Amino acid sequence: MPLMDKAGLLENLVSMSNRYGRDPELVLAGGGNTSAKDETALYVKASGTSLATITEDGFVAMDREKLSGILNKEYPSGDKEREAAFLKDVTAAKVDPADTKRPSVEALLHNLFPYRFVLHLHPALVNGLTCGAEGEEIAKRLFADEVLWVEECRPGYTLARLCSDRLREYHQKSGKHVSILLLQNHGIFIAGDTLERIDGLLNEVMGKLKESVVRMPDLSETGFDRTAVKEAEGKLSALNGAFVLHGAYADALRFSAGHENAAPLLAPFTPDHIVYCKARPLYVDDLDDLSKAFVDFRNKNGYEPKIVIVKGLGFFALGSNEKDARTAKMLFEDAMKIAVYSESFGGPRHMAEDMINFIVNWEAESYRQSQNI
Ligand SMILES: [Zn+2]
């Protein structure tokens, strides 16, 4: 690729990050990450920053050779031990060990692409495809071999390892390096040497997916039984002293019409949904049963629901404070959009049970740290 000095690289990286980060169709809060690289260093978004407002200081410089070395290392087989050792090695791959910023564990994936810029996002439209029962076949039909599909897998080391193998296989088979990677039940990576190339690829993907969608999510405001909603809010506040937000729009009403209607939302689509909305919401048919059902849910699962769906009333997002409730609401809306989009891609396909357990059991906190929301 033609040369670009460090200043030019970072200037382009900041501009790319800010532009996509401000588009609510593409990025939720602090989600997604970006990077730029030269021969020796990878500049990747640090934890705790958001693409919309990131500046040069929000990126961590990583030693590319050290990152590559991680993939050749032997790690312990236990999930917890392996991921802890992996995270330690990723942190140790910083160019400046005194730099206190935390790189995302997805830094390794960024390093795999032999292209200057990499954009990684979890847009609802794209995840309608990656969480669609026929997602892989439809991706092949729409994008042929321009896209590499990688099946659902544990985040962290396992994902980096799998993607590394798949990218190598792709290169061996086709003689070229792939620019678009779709991760099942996760999101998309787009890589290119110029911002124009990244933009062109993203537009192509979003355009083709939009053309394939038969029904769009409907977040328009709609009428609810205000008295019943107030009653539900009161009950929920009394149950855990939480901050309660109601989802008052058309799709929320449609999904809450009955247990069967709510089925696409009763299991998580992506790890983000588990981290911010818990693995499962509580669904109740009758407002009178709400308090008992809430307590039963807590006893059975060992945690309180973040999302409660009440038949005919839409859903309620709970949080220990307003920000927490807003984040849960935003992520549940994302799940709702994915559920609607997935109808155009073979119907919803949730995360596999062992993936859900993996995130629930111990990965939630490290995943949260790696995702930066
Ligand atoms: Zn991701």
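In what order do the seven strands of the open sheet run? I found β3-β2-β1-β4-β7-β6-β5, with mixed pairing.

**Entry: ground rules.** I am working on a predicted model, where local features need pLDDT of at least 70, side-chain atom pairs count only at pLDDT 80 or more, and totals for chains, interfaces and linings use all residues. Residues are numbered from 1 along each chain as its sequence is written.

**Entry: whole chain.** I looked up the secondary structure and got 15 helices and eleven strands. These are DSSP runs numbered from the N terminus, helices being H or I with at least four residues and strands E with at least two. I then checked the radius of gyration, which is taken over C-alpha atoms. It is 21 Å, and this agrees with a compact globule because one of 373 residues would have a value near 21 Å. The globule rule is 2.2 Å times the number of residues to the power 0.38. Along the principal axes, the C-alpha atoms fill a box of roughly 65 × 45 × 35 Å.

I noted that 45% of the 373 residues are buried (20 or more other C-beta atoms within 10 Å of the residue's own, with C-beta atoms placed from the backbone). For contacts (C-beta atoms, placed from the backbone, within 7 Å), I took those with a separation of 6 or more; residues 24 or more positions apart account for 73% of them.

**Entry: the sheet.** Two strands pair if DSSP finds at least two bridges between them. The edge strands are β3 (59–63) and β5 (147–150), each pairing on one side only. From one strand to the next the twist averages 20 degrees. Helix α1 (residues 6–21) packs on the sheet and touches β1, β2, β3 and β4 (117–121). Its direction makes about 165 degrees with that of β1; axes are lines fitted to C-alpha atoms, for helices over the stretch in contact, and angles run from 0 to 180 degrees between N-to-C directions. I also located helix α7 (residues 157–174), which lies across β5 and β6 (180–183) at about 145 degrees to β5.

**Entry: β1 and its partners.** β1 (residues 33–37) pairs antiparallel with β2 (residues 41–45) over three bridges, and antiparallel with β4 over four bridges. I followed Ala-36: it stands opposite Tyr-43 in β2, and its bridge partner in β4 is Phe-117.

**Entry: β4.** Is β4 mostly covered or uncovered? It is mostly covered, with five of its five residues buried. Phe-117, Leu-119 and Leu-121 point one way, while Val-118 and His-120 point the other way. β4 also pairs antiparallel with β7 (residues 187–192) over five bridges, and there Leu-119 stands opposite Ile-190.

Note on methods
Buried ≥ 20, exposed ≤ 12 C-beta atoms within 10 Å, placed from the backbone. Contact = placed C-beta atoms within 7 Å.
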